[in-house]
Amino acid sequence: MASQDAKDRQDAKDDAPVDNRDALEVLESEAKEWEKDAEIDRILKAFRLDAYAVLGLKPGVPESDIKNVYRKKSLLIHPDKTRNPLAPEAFDRLKKAQTELMDEKHRAVLDEAIADARMLLMRENKWTVDSPELKTEDFERKWADKTKFVLIENEQRRRRQIKAQMQEEGREQRRQEEEAEQRRKKRQHEEDWEATRDQRINSWRQFQKGKTSSSSGGGGGGSGEGPEKKKKKKLKPIG
């Protein structure tokens, strides 16, 4: 009975549908996924302030190279074409890098920082443009590190300037608000003064009227005679 069950299972296995895909196709698909994962990992590890590094380009490449490389890599790692959960973040960084390099002003600033890093590195090591060290891989690595240093300093300086500008704008805003409040108080005072004008005039009239009545009624009261006036004695002439 056991041997019959084993035979039935073997028959069922033999009757199972066979994957029609060629083994080579499977290997190619797996290799493509590996390539996508590797590119996503590279983008996420690239120095974010260096758009060239994010796109995997050398500084100074023509605009056409930027467009072609971006198109190729964006199609490779597009979130809709890979199961990698990090694809959306990598795709966003790739897009941001391409946008920065297509902006002439931003690209000029980046190129200047990269050139400054090269000059600093040459100055520190007392190299000239003809020095053989400039053609080595070690120089490329040191140049990349120096570029990171310069870009970080530039970014920190930019943030300090923005902070100072925001503080200055905050002070200016508070000054404007204080001036507006002073104008409001002055306007309110003038309106209140005008609103009580009639009341103040009536109060003054009542005060003057009472003062006049008091002056006219104080001269004579009572039926008796007033105090006798002392008569001055006339001096008799001598002789």
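**Exercise 1.** Find lysine 126 and work out where it sits, whether it is buried or exposed, and what its phi looks like.

*Solution.* Step one: lysine 126 lies in the loop between α6 and α7 (137-195), where helices are DSSP runs of H or I with at least four residues, strands are E runs of at least two, and numbering starts at the N terminus. Step two: its relative accessible area is 75%, so lysine 126 is exposed (exposed is over 50%, buried under 20%, partly exposed in between, with a 1.4 Å probe and protein chains only). Step three: the phi of lysine 126 is near 55°, a positive value in a residue other than glycine. Most residues other than glycine have a negative phi.

A note before going on: this is a predicted model, in which local features need pLDDT of at least 70 and side-chain atom pairs count only at pLDDT 80 or more, while totals for chains, interfaces and linings use all residues. Residues are numbered from 1 along each chain as its sequence is written, and side-chain values use heavy atoms, with hydrogens and water left out.

**Exercise 2.** Describe how α5 packs against α6.

*Solution.* Start with the axes (lines fitted to C-alpha atoms over the stretch in contact, with angles from 0 to 180 degrees between N-to-C directions). Those of α5 (residues 87-102) and α6 (residues 104-125) come within 5 Å and cross at roughly 90°. The two helices are therefore roughly perpendicular (65 to 115 degrees; under 35 is roughly parallel, over 145 roughly antiparallel, the rest oblique). Next, the contacts (heavy atoms within 4.5 Å): Glu100, Leu101 and Met102 of α5 meet Glu104, His106, Arg107 and Leu110 of α6.

**Exercise 3.** Now do α4 against α5.

*Solution.* The axes of α4 (residues 63-77) and α5 are 10 Å apart, at an angle of about 170°. That makes the pair roughly antiparallel. On the α4 side the contact includes Ile66, Tyr70 and Ile77, and on the α5 side Phe91, Leu94 and Leu101 are among the partners.

**Exercise 4.** Is arginine 93 buried or exposed, and what does it touch?

*Solution.* Second, arginine 93 has a relative accessible area of 14%, so it is buried. Third, leaving aside neighbours within four places in sequence, arginine 93 contacts Ile43, Leu44, Arg48 and Val54.

**Exercise 5.** How many helices and strands does the protein have?

*Solution.* Count eight helices and zero strands.
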